[in-house]
Amino acid sequence: MARPLLKLQRYFRRKPVRFFSFIILYLTAGSLVFLHAGFTGQTTGSGRDPLAPETSNGASDGRGFSLIGRVFRETRRPMRRYGPPWLKSTTQDAAERGRGGDYTSGWNRALKGRNTKDPEEGRAKYIGCYIDDTQKRALRGASFFDYRKMTVFRCQDNCAERGYLYAGLEFGAECYCGHKIQAANSSESECNMECKGEKTNLCGGANRLSIYRLELSQESARRYGSAIFKGCFRKPDNITLALPVSTIIANMSVDKCVDFCTEKELSLAVLAGDYCRCGFPTPRFTLHEREDEELCLRRCPGEEFESCGTEEYFLVYQTQVQDNRCMDRRFLPARSKQLMALASFPGAGNTWARHLIELATGFYTGSYYFDGSLYNKGFKGERDHWRSGRTICIKTHESGKKEIEAFDSSILMIRNPYKALMAEFNRKYGGHIGFASQAHWRGKEWPEFVKNYAPWWASHTLDWLKYGKNVHVVHFEELKRDLFTHLKNMVLFLGLEVSEDRLLCVEGQKDGNFKRSGLRKLEYDPYTPEMRTAIDNLIKTVDSELKRRKLSGVPEEYRPR
């Protein structure tokens, strides 16, 4: 063994150049192997392998090698990146940089050093210190504890995300939610325990709650435990057809009626005095004409702090039972030769509109792109090629003459640019239902984003109005305000018959899986006066063009004065 090594040593001693050449060759080969592994190890934006798509029950759907091969080709090639024409080269790099960061830590940093008792934050108002009884809680909704990191804002956010009106903190680490305070006031001096996660705020005391009223966004749901409060409504004309299941419950309470209707697998629990009635929203009982809640005030026999409605005015709650009348979805039975676009600026509610359209029509929507996270959330048309003709409409954020003229008709979604820009910024740096970190909002990313994307908000709308062949304009704010009417018009524009029962079912499940919490707002206005001046001018331009084409202008709520 020693003799061959000695010969090798003498060989390289005589030939030092060959020795160094061998070393360089070895290092080069290693570098190439490393780079190859890095490129082939990349995943799609969802962080999951699109070659193993899941069905609704989580199992592989096994569709066949030809489809898998097509998905492989589509997902391995560079993804099409939408954006304004002048940003095509720069936004791709920025997006790739944005995917790699850890944005959850930024959210944790945002929780620190905040004093949520300040009323000017517009997020929650401090009500006072209240007595809490372990046998009969003051707030009777959801609750959670954190004996290390509890903060006022964290409690408020968890309650707001579930749609409660009140959030209360106790013992420095306990959080309780509810939509009604069912206890008496106590002295402020008894709420004297610091929050475990922040020393600058007080989080109740021993059997004492520091309670805040949450300033929820308008669309946030009011809950009672697991049920969503829908409002006070007049008795329908034919009550036996409108609400076919009913019973008289001794010592009636909201919980008892909700539990009864849940057991009957019906989505509405209706308190009508001594009766508990159950059913689904139907044309006979649409839940569209709400009455003043004062008309429904009548104390429940089984709970002194609750109202149980009257014989003429009913209190309605939505149970956790899923209304399945609008849950079936499929591809079109015959391939369509007409391509229908669902076009919008990013952040203008395109994914939400797809969710509504799929529930209202029963057909899958497609996409100009491929997003694995959307596919895994149930948008099965996401994987089809956008020209397949198997989907009812195709999501796109593209603008420009060539891309627009590829479609035969289009639904154009327009949203308040101030909201749309912030929504897209959150999506870009935090995912579909995540949030950008404070570092991104306060750093150079936000001003650069507004500078590049705000003009695109206007040019996107103007391009579709100019080059679109048959355009149906839908304003995001109006769709939220009157979902039934505007969604009905969208279904008619798609050339389909309208099912009112199906639309009423959609109203009960309108949020889907892509809704951000209504409470997690910035502590400050991110728009500078210069930004607002520029954006207001863009709004005026779009408003004028809409009116010139005999269409309704932008909604009054964000039209510049």
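Two strands pair if DSSP finds at least two bridges between them. Helices (H or I, at least four residues) and strands (E, at least two) are DSSP runs numbered from the N terminus. This is a predicted model, in which local features need pLDDT of at least 70 and side-chain atom pairs count only at pLDDT 80 or more, while totals for chains, interfaces and linings use all residues. Residues are numbered from 1 along each chain as its sequence is written, and side-chain values use heavy atoms, with hydrogens and water left out.

**Confidence**

- The protein chain has a mean pLDDT of 80, pLDDT being the predictor's confidence in each residue, from 0 to 100; 74% of the residues reach 70 or more.
- Residues 35-82 have pLDDT below 50, and this stretch has 56 contacts in the model beyond near neighbours in sequence (contact means heavy atoms within 4.5 Å).
- Residues 85-122 also have pLDDT below 50, with 58 contacts beyond near neighbours in sequence.

**Antiparallel sheet**

- An open sheet of five strands runs in the order S1-S7-S3-S4-S2, with antiparallel pairing.
- Strand S1 (124-131) and strand S2 (143-145) are the edge strands, each pairing on one side only.
- From one strand to the next, the twist averages 20 degrees (axes are lines fitted to C-alpha atoms, for helices over the stretch in contact, and angles run from 0 to 180 degrees between N-to-C directions).
- S1 and strand S7 (residues 208-214) run antiparallel and are joined by seven bridges; Cys129 has Ser210 in S7 as its bridge partner.
- Helix H6 (residues 152-161) packs on this sheet and touches S1, S2, strand S3 (166-170), strand S4 (174-178) and S7. The direction of H6 makes about 140 degrees with that of S3.

**Parallel sheet**

- Another open sheet has five strands in the order S18-S19-S17-S20-S21, with parallel pairing.
- Strand S18 (366-367) and strand S21 (471-475) stand at the edges with a single partner strand each, so one side of each has no neighbour in the sheet.
- Strand S20 (residues 409-414) runs parallel to S21, and five bridges join the two. Met413 has Val474 in S21 as its bridge partner.
- H14 packs on the sheet through S17, S19, S20 and S21, and its direction makes about 155 degrees with that of S20.
- Helix H9 (residues 350-361) lies across strand S17 (340-344), S18, strand S19 (394-396) and S20, at about 145 degrees to S17.

**Helix packing around H14**

- Helix H12 (residues 417-430) and helix H14 (residues 445-467) have axes that come within 10 Å and cross at roughly 125 degrees. H12 is therefore oblique to H14 (angles under 35 degrees count as roughly parallel, over 145 as roughly antiparallel, 65 to 115 as roughly perpendicular and the rest as oblique).
- The residues in contact include Leu421 and Phe425 of H12, and Phe449 and Trp457 of H14. The residues of this contact divide into ten nonpolar, no polar and three charged (Ala, Val, Leu, Ile, Met, Phe, Trp, Tyr, Cys and Pro count as nonpolar, Asp, Glu, Lys and Arg as charged, and the others, Gly among them, as polar).
- H14 and helix H18 (residues 529-548) pack at an angle of about 5 degrees with their axes 10 Å apart, and are therefore roughly parallel to each other.
- Trp446, Ala454 and Leu465 of H14 are among the residues of this contact, as are Ile535, Leu538 and Val542 of H18. The contact of H14 with H18 has 15 nonpolar, two polar and one charged residue.
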